[in-house]
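Morning, everyone. Let me put the model on the screen, and then we'll walk through it.

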Amino acid sequence: MNLVESFKSALQSVRANKMRSFLTMLGIIIGISSVITIVSIGQGGKEAITGEFQDIGTNIINVQVKAMDTSIETRDYFTLKDAELLKEKIPGVEWVAPSAEGRGYIKSDKDSKFAMVMAVNEHFEELMHLELLEGRFINQRDIQNAKQVTVIDDISAKAIFGTTEIIGEKVKVSNQSKDIYATVVGVCKNVNGGMAAMFGDNMPGNAFVPITIREKVLSNHQISEMSVTLTDMTHSQEIADKMIRLLEKSHRNEDKYAASEGFTQLDTINSVLNIFTMVISAIAGISLIVGGIGVMNIMLVSVTERTREIGTRKALGAQNRDIMLQFLTESLIICLIGGIIGMTLGVSLGLVVGKMINIPLDVSPLVILASFGFSSAVGIFFGLYPAQKAAKLDPIEALRYE
Amino acid sequence: MIIQIENLKKVYDTGKIQVEALKGVSLGIEEKEYVAVMGASGSGKSTLMNILGCLDRLTEGKYILDEEDVSVLSGNSLAAIRNKKIGFVFQSFNLLPRLSALGNVELPMIYAGVPGSERIKRAKAALERVGLGDRMHHKPNEMSGGQKQRVAIARALVNDPAILLADEPTGNLDTRSSEEIMEIFESLNDEGATIIMVTHEQDIAMHTKRAVVFRDGSIISDKPIEKRKIRRGEIQA
């Protein structure tokens, strides 16, 4: 018996027991579809994050106060002078964006919105790739004159005013015990816009104020981070070292600061994401094994049910390998059909979920190929024992079987 | 001689007890013979049929089928012999329920590696030969017992075997269908087929030309059939 015949025969048998075949496939369908969904979303997520990092810019070094260090004192925190110092004294530094932030609220007399309040300078717009919808961002004059102005995000604007056309409106920006009235000079897209689906209504808003008024707005107004852009990244490590030495010298301390490039963080996030994807895929893979056991189970039932058929086939001249091939193709077909359905389902599910959390789906052909390979492997592996059992049946006993 | 058996012994080893199902049987069957193998249950006739059909192996002795010593063969070689040289007709038809009459008749040719188009041609011819030209695409559950057995006969014939082995072929049939089946066998024999039929019914054996009677693992009589003698009950099972 050749392969074509055994495929025909196997398809016939799968069709003859539609419900049973489907239920058996279900295990494979669930296994394959979950692996594909997870891997695709994981891959897509990784690319989205990489993309975002590349957006933010690869020519950025973040200088931070080691916040975990309990010996940090007030005098160790950065000052605006530090920012100027870095720009003046270190060649290769393009601009410096110090920032301080705290959780707070944007309020009008009507409504209020939970928001991240950030005291920043004029470079922050470029640093964060802010998309301005109305007005302008905080500029140098606002900073020099310590003007009580603010730029808020579109989500907060809509939540409080119902519109983004609110230039000139006064809002109260508060953080813990501090609050000020500030004039809205601009409305930008929410910084976390991409995560909107995850946060829903609880998405925090953004309120940017000039860094020079941070003491009025923020309870904890220390500057713990500065983003520094370089004109050229080739000597970034040396420049970072130089910056830290300069800061240490000016604060007369040691080992309080750390510098990191955007990419270091990217690597960390990627490896976390990889582990995450791998772990969940492994769990989904287990469901594939469970599905395979289901296939084996049903094939054993099928062999018992068809003992007489096997006896008849043997009497008519079927060799052991013909019987083996027949049952093996049957479990292979169940798993392959299950794999195809699972793959379709997985990709569609990935598209839906990806859309929901705003991650572009990345279905690599490798994943599709692997899922085919995997379901075939499951089919053959778990079909082997039942097929062998069928092939080894004694023709006389099989013919006599009731 | 198409079948030649010498001093055939079959012992079933059930652990403690050894059961001798055949105690040194010798039998020769010529081409174009039509033989009834008779005997009560436990007489050894089924064991003989299994060995003749190459479904079982003998313990001792010699079995030559169509000039080939099959007593030395095993497993897959026996399967090949069954495929080419033996046509089986079973008491309970043993048709595959999911296949049409045509599909069932095609089966032995599938295992023989006959290409598809020729398979269909030959299967159709075999079905027409047994008078089922108009039932080719029916499934077994859409056919009567007699029709099913005719499909089985077509299936047995289709590889042009050396012998046709029928095991109680009318056991599950009513009298009318039994007569039909016996007529087919007779005409096949007239055309030159060698037929060996196990039966315990005398009026069925009456259709054959030679009766071999078994008792306790040995042949107790082997005579040509004279129809009037059976009627008088002179040949006993």
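First, a term: buried means under 20% relative accessible area, exposed means over 50%, and partly exposed is in between, with a 1.4 Å probe and protein chains only. Now the ground rules. This is a predicted model, so local features need pLDDT of at least 70 and side-chain atom pairs count only at pLDDT 80 or more, while totals for chains, interfaces and linings use all residues. Residues are numbered from 1 along each chain as written, chains are lettered from A and ligands numbered from 1 in written order, and side-chain values use heavy atoms, without hydrogens or water.

Start with Ile160(A). Buried or exposed? Buried, because its relative accessible area is 5%. Ile160(A) sits in helix 6 of chain A, residues 154-161. Helices here are DSSP runs of H or I, at least four residues; strands are E runs of at least two; both are numbered from the N terminus. What does Ile160(A) touch, leaving out residues up to four places away in sequence? Ile106(A), Ser108(A), Asp111(A), Ser112(A) and Lys113(A). Contact means heavy atoms within 4.5 Å. Ile106(A) is 54 residues away along the chain, yet the two C-alpha atoms are separated by 8.4 Å.

Zoom out to chain A. It has 14 helices and 10 strands. Of its 402 residues, 46% count as buried. Take the contacts with a separation of 6 or more: 77% join residues 24 or more positions apart.

Next, helix packing in chain A. Helix 1, residues 3-16, packs on helix 12, residues 320-356, at about 60°, with axes 8 Å apart. Axes are lines fitted to C-alpha atoms, for helices over the stretch in contact, and angles run from 0 to 180 degrees between N-to-C directions. That angle makes helix 1 of chain A oblique to helix 12 of chain A. The cut-offs: under 35 degrees is roughly parallel, over 145 roughly antiparallel, 65 to 115 roughly perpendicular, and the rest oblique. Among the residues that meet are Phe7(A) and Leu11(A) from helix 1 of chain A, and Leu325(A) and Ile333(A) from helix 12 of chain A.

Last, chain B. Helix 3, residues 101-112, and helix 4, residues 116-129, cross at roughly 120°, and their axes come within 9 Å. Helix 3 of chain B and helix 4 of chain B are therefore oblique to each other. The contact includes Val105(B) and Met109(B) of helix 3 of chain B, and Ile120(B) and Leu127(B) of helix 4 of chain B.
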